[in-house]
Amino acid sequence: AAEQWLRLAAEQQHWFAKHSLGMLLMRRGEISEAEAWLRDAAQQGYAAAQVDLGDHLQDRLPGAAEELYEAAAAQGHRLGQFRLGRVRLMRGDMEGGRRHMSAAAAKGLAVAQLDMAALC
């Protein structure tokens, strides 16, 4: 029943419904359709969708994932900042990685705070 209502709202271009439907479909293993709904929500600028789609694409399309994390981080989304920080650190960009990780830690994200402690 929830899927029916989410689809109706998503088809009316509601960003949160698109994200919610995409995550529901992802959990059910309907990956192709899930990606499409998440991509739509991410393109509308919904930071949570940008992070979730980035997480999904990270292994297959790391460049696309990084762009999505950048978009979320630019909106001040703490998980986007954290993910972008991790990507940058893994690439060897210590300054950029610390900057984004520190921003997420300052917003209270515990895992970012732990990573910052490890970077000291």
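The model is predicted, so local features need pLDDT of at least 70, side-chain atom pairs count only at pLDDT 80 or more, and totals for chains, interfaces and linings use all residues. Residues are numbered from 1 along each chain as its sequence is written, and side-chain values use heavy atoms, with hydrogens and water left out. The protein chain has eight helices and zero strands. Helices (H or I, at least four residues) and strands (E, at least two) are DSSP runs, numbered from the N terminus.

**Overall fold**
- From the N terminus, the elements run α-α-α-α-α-α-α-α.
- The C-alpha atoms fill a box of roughly 50 × 25 × 20 Å along the principal axes.
- Of the 120 residues, 40% are buried (under 20% relative accessible area, with exposed over 50% and partly exposed in between; 1.4 Å probe, protein chains only).
- Among contacts (heavy atoms within 4.5 Å) between residues at least 6 apart in sequence, 34% join residues at least 24 apart.

**Helix 1 and helix 2**
- The axes of helix 1 (residues 2–11) and helix 2 (residues 15–28) come within 8 Å and cross at roughly 135 degrees.
- Axes are lines fitted to C-alpha atoms, for helices over the stretch in contact; angles run from 0 to 180 degrees between N-to-C directions.
- That angle makes helix 1 oblique to helix 2 (under 35 degrees is roughly parallel, over 145 roughly antiparallel, 65 to 115 roughly perpendicular, the rest oblique).
- Glu3, Leu6, Arg7, Ala9 and Ala10 in helix 1 meet residues of helix 2, including Leu21, Leu24 and Arg28.
- Ala, Val, Leu, Ile, Met, Phe, Trp, Tyr, Cys and Pro count as nonpolar, Asp, Glu, Lys and Arg as charged, and the others, Gly among them, as polar.

**Helix 3 and helix 4**
- Helix 3 (residues 31–43) packs on helix 4 at about 140 degrees, with the axes 8 Å apart.
- The two helices are therefore oblique to each other.
- Helix 3 contributes Ile31, Glu35, Leu38, Arg39, Ala41 and Ala42, and helix 4 contributes Ala49, Gln50, Leu53, His56 and Leu57.
- Seven residues of this contact are nonpolar, two polar and two charged.

**Helix 6**
- Helix 6 (residues 78–90) has 13 residues and reaches 18 Å between its first and last C-alpha, close to the 18 Å expected (1.5 Å times one less than its number of residues).
- Its buried residues include Phe82, Leu84, Val87 and Arg88.
- The buried residues of helix 6 pack against helix 4 (47–57), helix 5 (62–74), helix 7 (94–106) and helix 8 (110–119).
- Just after helix 6, Gly92 takes a positive phi of about 95 degrees.
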